[in-house]
Amino acid sequence: MMINTPFKEFVENLSQGFTPIVSSKFSKEDYISIDLSETNQNLNTIDVSSSEAFEVYINKYLKKNNLRVAYGGYNETRAIYRRSSHFNQLDPETERNIHLGVDIWCDAGTEILSPLDGKVHSFKNNNNYGDYGPTIILEHQYPDITFYTLYGHLTIDSLSKLKVGQIIKANEVIAYLGDASVNGDYAPHLHFQIIRDLQGNIGDYPGVSNKKDLDFYLQNCPDPNLLLKI
């Protein structure tokens, strides 16, 4: 890679095709995109504050389309975060409601894979209501660049045997998806985010932005699908 290669192009060039990040039993053809934005009128028919109702909605969507995994959400403005004081602000400019990663919606207990070689940078149980729950951050070092990937909404046991600096190989199982009792009270899903500069964070990094800071975060956290190519 050239030193002057833009970060987004660098990320895109790291993979040549579909790169699984949840169980390898799923093929690219098992995935379907899902719209969870505030403009999706179908979400008005469910209680988005209820993780159980949200899980039913996701499962019905998958069953209707005869598919197994739903994904999406990058740079998506969502109303669901208004249920939590961890995100909620009265000012529309500072309300954190724009999603910075991609969500992969599938069953609790599903294996989580590292898409790249790396090492464990940090991990933490971010147990605020509506937060990530158990979270892992991997560090990926290349000759010209170092960056990070974040995996949120895991099981608590996923953190139990990790060590900072532990070497991780591409396609290695690094964790398992948690359920609503441990994952911040969400329907089971993986939050996956690519981060250029962690800004000193340990085991955590903002996964949702407000309008005011969005330009910075979209540069620092490019679309994960550039790498995953779902």
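Reader: How many cavities of 30 Å³ or more does the structure hold?

Author: A cavity is a space where a 1.4 Å probe fits but cannot get out. This is a predicted model, and it holds two cavities of 30 Å³ or more.

Reader: What volume does the second largest cavity have, and which residues are closest to its centre?

Author: The volume is about 40 Å³. Of the 10 residues lining the second largest cavity, S51, F54, I80, Y186 and A187 are the closest to its centre. The class count for this lining is six nonpolar, two polar and two charged residues.

Reader: Turning to the strands, is β8 mostly covered or exposed?

Author: A residue is called buried when its relative accessible area is under 20%. In strand β8 (residues 145–152), seven of the eight residues are buried, and the strand is mostly covered.

Reader: Which strands does β8 pair with, and how do they run?

Author: Two strands pair if there are at least two bridges between them. Strand β7 (residues 133–142) is joined to β8 by eight bridges, and the two run antiparallel. A hairpin of two residues links β7 to β8, and T135 stands opposite G152 in β8. Strand β11 (residues 189–195) also runs antiparallel to β8, with five bridges between them; the bridge partner of L150 in β11 is Q193.

Conventions
Residues are numbered from 1 along each chain as its sequence is written. This is a predicted model: local features need pLDDT of at least 70, side-chain atom pairs count only at pLDDT 80 or more; totals for chains, interfaces and linings use all residues. Side-chain values use heavy atoms; hydrogens and water are left out. On a 1 Å grid over the protein atoms alone, a cavity is a set of points where a 1.4 Å probe fits but cannot get out, and a pocket is an open set with protein on both sides within 12 Å along at least five of seven lines; lining residues have an atom within 4 Å of a point. Grid points are joined across faces, edges and corners, and a volume is the space filled by probe spheres set on the points. Ala, Val, Leu, Ile, Met, Phe, Trp, Tyr, Cys and Pro count as nonpolar, Asp, Glu, Lys and Arg as charged, and the others, Gly among them, as polar. Buried means under 20% relative accessible area, exposed over 50%, partly exposed in between (1.4 Å probe, protein chains only). Helices (H or I, at least four residues) and strands (E, at least two) are DSSP runs, numbered from the N terminus.
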